[in-house]
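The entries follow in the order I took them.

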Amino acid sequence: MTLLSRLLERTRPLIGVAVLVAVWALAHQLRLADPVLLPSPAESFSAFWKDLTVGTLWADFSKTIIRTTAAFAIALVIAVPVGVVLGSSEKLYRSIEFLIDFFRSTPASAMFPLFLVLFGVGERTKIAVAAFGAALAILFNVAYGVMNARKQRQLAAKVMGANALRVLTDVTIWESLPQTFVGMRTGVSIALVIVIVAEMFIGSTDGLGQRIMNAQMVFDMPQMYAAIFASGALGYALNLLFLIAERRFVHWGGK
Amino acid sequence: MKRRDFVSLFSASALGLGLGTRQAFAADKVKVGVFPSSSALPYYVALKRGYFREVGIETETVVLATHPLIVQSLVTGAIDAATNLVTLEGANINARRPNTLSYISLGGQNSKYIVEQFVVKASSTAKTLADLKGAKLFSAPGPANIGAAKAVLKAVGLTENTDYTIQEQQLGVQLGALQSGNFDGGYTLEPIASIMIRNGVGRRLEAGVISTHLLGNPQAEAYAAGCALSGPLLKDRPDVAKRFAAAWSRAAQDANTDVAARDLLAADMNVPADLAPTVPLAHFVLTKDLTAAQLGDFQKFLDIGTSLGVVSGKVDAKSIVATL
């Protein structure tokens with residue numbers, strides 16, 4: 001492989017980003033939208049860097065990370081064991097499948113009024129509604145992972161004398177892990193999205209969602225795009241984290 | 001003249017007459033962004049009582065749920081006017097993009113013309129704003145509202161997070177938030193406060209707080225929202241803008257003095273029907289009639305917005321009002 005082709009290989013993921021920034025810069029240059037509404041990429045990146053280093057972006061960034069992590073942790077603790085139990089009994093899963101699919105299809109923002117009633121208007125609502133959305137995605141995937149565990153390996157364990165619990169803990173759960181990781185990646189993305197929307201609409205004085213709304217209200221568009229970058233970067237980083245973890249811990253997945 | 005020529009001539013004349021007639025009576029179209037609240041009243045008065053029609057203007061109502069959307073629509077040219085745009089947001093966009101809009105009318109608010117106010121739970125023992133020490137408060141959403149609330153509390157000697165905490169809440173959830181005990185009180189706007197009071201959930205602690213504590217004169221009017229015309233409408237169709245302002249002027253007069261106009265509050269502006277006869281309203285003032293003192297109060301209000309960071313730079317009050 002030549003140096004050039006190696007360099008091209010390394011930078012391939014950045015091609016899409018470069019195209020996006022070029023289209024954006026061109027749109028700004030041609031004044032396709034009013035410059036007040038669409039600042040240049042340079043102005044926006046400069047605002048991002050300034051807000052992060054000398055401004056208050058990091059404070060909002062960390063609040064969103066804390067809320068997302070809390071919501072995801074709660075979702076994980078509840079959804080994984082429940083998913084394993086439901087997945088172990090297909091009849092049980094089918095009996096509540098409608099509920100899971102129904103709430104998975106309901107926009108989280110439509111659930112805000114209910115969660116406001118249940119948890120009040122403080123921090124708990126934002127975390128609870130995000131945990132709820134993430135838990136459904138994790139539960140669904142864990143249950144399907146368990147249900148679709150390869151029968152061959154389960155039977156082999158049985159033949160070797162393992163009891164039902166041993167088959168579950170030593171074979172089925174490990175077999176379901178690749179699908180569980182898919183659920184975790186989906187769940188963490190859902191948790192982040194819901195936390196940001198909740199910060200926008202259900203009473204928050206900090207967080208990236210509230211920052212985006214406030215910047216839009218005062219038409220500080222570079223600052224608004226800076227907060228959007230931060231949200232996107234956070235989502236990307238979380239996804240990457242789970243991908244790395246998945247590759248490291250479930251290297252047998254799909255084999 | 002042959003029969004065919006006669007028919008052609010007659011048809012052409014009829015068509016010409018028709019077109020001529022149509023041109024003479026064609027109404028000029030103005031797209032108007034409306035934020036559905038009680039301060040949009042003059043618009044609906046002008047619309048329903050035919051004042052726009054009488055001056056040859058046909059309006060298209062574009063209901064927009066937030067003020068940033070109204071500003072964005074003015075910037076992109078999607079609307080030509082806004083019935084009740086928050087003045088700090090109007091000043092802010094003019095600071096960032098000069099000549100985006102000019103106000104032809106403003107809604108004044110103070111303890112007589114009640115809009116913004118602090119409320120507490122009906123059972124609260126608080127008698128003044130200073131008694132909010134230790135309270136957990138909500139605020140009407142947006143940087144302008146929460147900034148004003150904090151500035152007022154600072155003016156009465158309270159420090160955020162030491163003496164009180166405050167959190168933005170959408171207007172729609174404030175009654176429930178107060179009733180459920182999640183908050184001790186908050187900074188809210190009409191007609192939400194009147195609804196809280198009617199339901200026995202809340203009590204008005206002090207109204208007109210911007211005038212009293214920020215402008216330094218309880219009688220002064222805080223001009224927080226008003227009717228704005230877009231720069232292109234004023235520049236490219238000055239005659240239409242002038243006729244729009246004339247119709248608005250009649251309607252503002254009705255809104256200030258004619259009790260019957262209040263019927264429109266329930267019909268078009270999300271005010272509960274049983275509250276419409278008594279809900280407090282802003283005082284509608286035409287910008288061409290502003291006295292030097294009133295203009296000074298407006299300037300002071302805009303300067304407060306600048307100090308709160310809601311307006312991006314110093315804005316001259318005269319530069320955002322039109323005298324049509």
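Cut-off first: I call a residue buried under 20% relative accessible area, exposed over 50%, and partly exposed in between. B:Asp28 comes out at 26% relative accessibility, so I list B:Asp28 as partly exposed. The model is a predicted one.

**Entry: chain B overall**

I started with the totals for chain B. I find 13 helices and 11 strands in chain B. Along the principal axes, the C-alpha atoms of chain B take up a box of roughly 95 × 40 × 30 Å. Chain B has 324 residues, and 52% of them count as buried. I get an accessible surface of about 14,100 Å² for chain B, with 54% of that area on carbon and sulfur atoms. I then took the contacts in chain B with a separation of 6 or more; residues 24 or more positions apart make up 75% of them.

Side chains of opposite charge can pair when their charged atoms come close. I searched the whole structure and got 28 salt bridges over all chains.

Which side chain meets B:Arg243 at 2.6 Å, N to O? I found B:Asp28, and the two form a salt bridge. This pair links distant parts of the chain, 215 residues apart. B:Arg243 sits in helix H11 (residues 238–257) of chain B, and B:Asp28 in strand E1 (residues 28–34) of chain B.

B:Arg243 also forms a salt bridge with B:Asp239, at 2.9 Å from N to O. Here both residues lie in helix H11 of chain B, 4 residues apart, about one turn of the helix. I read 47% relative accessible area for B:Asp239, so B:Asp239 is partly exposed.

**Entry: a network and a pair in chain A**

A:Arg150 is in the loop between helix H7 (123–147) and helix H8 (151–159) of chain A, and A:Glu175 is in helix H9 (residues 164–201) of chain A, so the pair ties together parts 25 residues apart in sequence. Buried or partly exposed: which is A:Glu175? I get 11% relative accessible area for A:Glu175, so A:Glu175 is buried. A:Arg150 is at 33% relative accessibility, so A:Arg150 is partly exposed.

**Entry: B:Glu168**

B:Glu168 belongs to strand E7 (residues 164–168) of chain B. I find B:Glu168 buried, yet without a salt bridge. B:Lys150 is the nearest side chain of opposite charge, 7.1 Å away. A salt bridge needs the nitrogen and the carboxyl oxygen within 4 Å.

What does the side chain of B:Glu168 reach at 2.9 Å? I found the backbone nitrogen of B:Gly142 there. A polar contact of 3.2 Å also joins the side chains of B:Glu168 and A:Gln210. Leaving aside neighbours within four places in sequence, I list contacts of B:Glu168 including A:Ser204, A:Asn214, B:Pro141 and B:Ile146.

**Entry: a nonpolar patch**

Last, I checked the surface of chain A. A:Ile74, A:Val77, A:Ile78 and A:Val82 make a nonpolar surface patch of about 340 Å². A:Ile74 is in helix H4 (residues 57–88) of chain A. I get 39% relative accessible area for A:Ile74, so A:Ile74 is partly exposed.

Definitions and conventions: Residues are numbered from 1 along each chain as its sequence is written. Chains are lettered from A and ligands numbered from 1 in the order in which they are written. This is a predicted model: local features need pLDDT of at least 70, side-chain atom pairs count only at pLDDT 80 or more; totals for chains, interfaces and linings use all residues. Side-chain values use heavy atoms; hydrogens and water are left out. Patches are made of residues with over 30% relative accessible area and no salt bridge: like charges are joined within 9 Å, nonpolar side chains (Val, Leu, Ile, Met, Phe, Trp, Tyr) within 5 Å. Accessible areas come from the Shrake-Rupley method with a 1.4 Å probe; for residues, only the protein chains shown count as cover. Helices (H or I, at least four residues) and strands (E, at least two) are DSSP runs, numbered from the N terminus. Buried means under 20% relative accessible area, exposed over 50%, partly exposed in between (1.4 Å probe, protein chains only). Lys and Arg count as positive and Asp and Glu as negative; His and the chain ends are not counted. A polar contact is a pair of N or O atoms within 3.5 Å; within protein, one must be able to donate a hydrogen and the other to accept it, and residues adjacent in sequence count only if both atoms are side-chain atoms. Contact means heavy atoms within 4.5 Å.
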